[in-house]
Amino acid sequence: MVSDGNDPDEALLAGVGRGDPTAVRTLLDRRLPRILALARRMLNDSGEAEDVAQETFLRAWKQARGWKPGGARFDTWLHRVALNLCYDRLRRRREVVTDSPPEQVDTGPAPDAGLMRADLSRRVEAALAALPERQREAIVLCHHQGLGNIEAAGLMAISVEALESLLSRGRRALKASLADLAGDDGR
C-alpha cells in the first residue's frame, strides 16, 4: 500500500522517534480509542483488548524512529498490527481446552441504567462474535472503525469486490441471527 503523502501522523511519529512525550501523548490520544475498540470487537474481551492495544503501541514506538514517509499510512499500519495480534490471540483460544468457561466480569451498564439496552448490546456483540473471522473483520473495519471500503480492502489484502461480498454475507448473517429483534413489521 502506498500513501498519497498526506499522512496526518508523520510529524507525530517523528516526534515519537525523538522521544518527545507530547508527541507520544497526542498520538495515543488520537489512535488508542480506535485500536482499543477494534480489539474489543474482534476479541470480545476487554482485558485482552487492552493487552493487544498495549502491544500494538509498543511496536509503534519501536518503529517510530525508522518510519519512512510515503509508504503505508501509519493508521493503516497500526490497524494491521492490531488485527494480526487479535488473530494470534484468537488462534491461541482455539488451542486451549478447559473443563469450564472462564469467569467473566459483567462490564455492561448497571441494571438501573437499562437492562434491555445491555441485553441488546450483548446480543449484537454475540452475533458479531459468531461470524466467521473474515466477515467479522470486514464488518468491524467498515462499520465500527469507520474505514472506507478501499482502505479496509487494502488492510485485509483483498479486492474491494471481495470485501463487499464479505460485508454482504456478514450483514445477512447478523440480520438472520437478530431477526427476532426486528419487531412485528419485519423491518
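This is a predicted model: local features need pLDDT of at least 70, side-chain atom pairs count only at pLDDT 80 or more; totals for chains, interfaces and linings use all residues.
- Setting aside neighbours within four places in sequence, Leu163 touches Ala138, Cys142, Asn149, Ala152, Ala153, Met156 and Ile158.

**Where α2 meets α6**
- Helix α2 (residues 21-43) packs against helix α6 (residues 133-144) at an angle of about 145°, with the axes 10 Å apart.
- The crossing is right-handed.
- On the α2 side, the contact uses Leu38, Arg41 and Met42, while α6 brings Arg136, Glu137, Val140, Leu141 and His144.
- Sorted by class, that makes four nonpolar, one polar and three charged residues.

**Salt bridges**
- The count comes to eleven salt bridges.
- Asp75 pairs with Arg31, the closest N and O atoms being 3.7 Å apart; this links helix α4 to helix α2 across 44 residues, and both partners are buried.
- Asp75 also pairs with Arg34, here with the closest N and O atoms 3.5 Å apart.
- Arg34 sits in α2 and Asp75 in α4, so this bridge ties together parts 41 residues apart in sequence.
- Arg34 is partly exposed at 25% relative accessibility, whereas Asp75 is buried at 3%.
- Within α6, Glu137 and Arg134 lie three residues apart, about one turn of the helix, and form a salt bridge with the closest N and O atoms 3.3 Å apart.
- Glu137 is buried at 0% relative accessibility, but Arg134 is partly exposed at 32%.
- Through shared partners, salt bridges join Asp9, Arg30, Arg31, Arg34 and Asp75 into one network.

Terms used. Residues are numbered from 1 along each chain as its sequence is written. Side-chain values use heavy atoms; hydrogens and water are left out. Axes are lines fitted to C-alpha atoms, for helices over the stretch in contact, and angles run from 0 to 180 degrees between N-to-C directions. Helices (H or I, at least four residues) and strands (E, at least two) are DSSP runs, numbered from the N terminus. A crossing is left-handed if the near helix is turned anticlockwise from the far one by less than a right angle, and right-handed if clockwise. Contact means heavy atoms within 4.5 Å. Ala, Val, Leu, Ile, Met, Phe, Trp, Tyr, Cys and Pro count as nonpolar, Asp, Glu, Lys and Arg as charged, and the others, Gly among them, as polar. A salt bridge is a side-chain nitrogen of Lys or Arg within 4 Å of a carboxyl oxygen of Asp or Glu. Buried means under 20% relative accessible area, exposed over 50%, partly exposed in between (1.4 Å probe, protein chains only).
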